[in-house]
Amino acid sequence: VCNKADTVTVFVTLPQPDLGVTQIITHNAPQIGQPQAVTVVVKNHSTVASATNFDVAFRVNGVEINAAAVTRTMQPQDTMHHTFALSWTPTVGGRHDMCAFTRFTDDPNKANDTTCVAFLGVNVEERSDLVRKVYPNPANQFVIFDFANQQGVGTLELRDQLGKVVY
């Protein structure tokens with residue numbers, strides 16, 4: 001019951017965009033020393049509010065690699081592909097966890113901002129054109145590398161399954 005003297009305050013909250021990365025797309029299997037282009041799919045999960053001026057970024061093993069400002073307007077339920085200008089280049093083998101995410105100050109649901117993918121076997125690009133044969137296999141004390149008639153000076157690194165240099 002309201003009287004003429006009562007003051008009523010009504011707060012209206014405008015619907016907010018709800019942005020998030022839904023997919024990470026890599027264009028080939030990651031190899032040590034080879035640049036890896038990274039594309040993400042961003043979605044505005046809101047059913048009523050459009051979004052503009054937000055950031056999208058990705059990190060590998062907890063280290064942010066690249067971030068970009070997106071100025072395009074995303075309508076409700078709209079998706080877009082974003083390819084980062086800076087590629088990721090693995091420097092060691094083993095497992096790598098890549099996460100991509102949006103940053104938008106007024107996002108009401110931070111739980112759907114991030115998507116992650118694990119690369120379990122980042123390894124060295126095999127160069128069958130350089131190494132013809134490695135023997136004996138299995139080996140006890142030594143291994144012979146047949147370098148397919150290649151001549152010159154080079155560096156050979158042996159790595160374990162985690163990418164650690166063992167020789």
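User: Which residues of the largest nonpolar core touch the most other members?

Analyst: A nonpolar core is a set of buried Ala, Val, Leu, Ile, Met, Phe, Trp, Tyr and Cys residues joined through side-chain atoms within 4.5 Å. Here the largest one has 21 residues, and those touching the most other members are Val38, Val40, Val42, Phe54, Val56, Phe58 and Met98. Buried means under 20% relative accessible area, exposed means over 50%, and partly exposed lies in between (1.4 Å probe, protein chains only). This is a predicted model, in which local features need pLDDT of at least 70, side-chain atom pairs count only at pLDDT 80 or more, and totals for chains, interfaces and linings use all residues. Residues are numbered from 1 along each chain as its sequence is written, and side-chain values use heavy atoms, with hydrogens and water left out.

User: Which elements give two or more residues to this core?

Analyst: Elements are DSSP runs numbered from the N terminus: helices are H or I with at least four residues, strands are E with at least two. The elements giving two or more residues to the core are β1 (19-26), β2 (38-44), β3 (54-60), β4 (63-70) and β6 (94-103). The largest share, four residues, is from β3. Over the chain there are nine strands and zero helices.

User: How many bridges join β3 and β6, and in which sense do they pair?

Analyst: Two strands pair if DSSP finds at least two bridges between them. For β3 and β6 there are six bridges, in the antiparallel sense. Within this pairing, Val60 has Met98 of β6 as its bridge partner. Seven of the ten residues in β6 are buried, leaving the strand mostly covered.

User: How many salt bridges does the whole structure have?

Analyst: Side chains of opposite charge can pair when their charged atoms come close. A salt bridge is a side-chain nitrogen of Lys or Arg within 4 Å of a carboxyl oxygen of Asp or Glu. A search of the whole structure gives three. One of them joins Arg103 and Glu64, at 3.1 Å from N to O. Arg103 is in β6 and Glu64 is in β4, so this pair ties together parts 39 residues apart in sequence. Asp78 and Arg72 form another, with their closest N and O atoms 2.6 Å apart. Arg95 and Asp97 also meet in a salt bridge, at 2.9 Å from N to O. Arg95 is exposed, at 52% relative accessible area, whereas Asp97 is partly exposed at 28%.

User: Which residues form the nonpolar patch on the surface?

Analyst: Patches are made of residues with over 30% relative accessible area and no salt bridge; like charges are joined within 9 Å, and nonpolar side chains (Val, Leu, Ile, Met, Phe, Trp, Tyr) within 5 Å. Accessible areas come from the Shrake-Rupley method with a 1.4 Å probe, and for residues only the protein chains shown count as cover. The patch consists of Phe147, Leu156, Leu158, Val166 and Tyr167, with about 510 Å² of accessible area together. Leu156 lies in the segment after β9 (144-146) and is partly exposed, at 42%.
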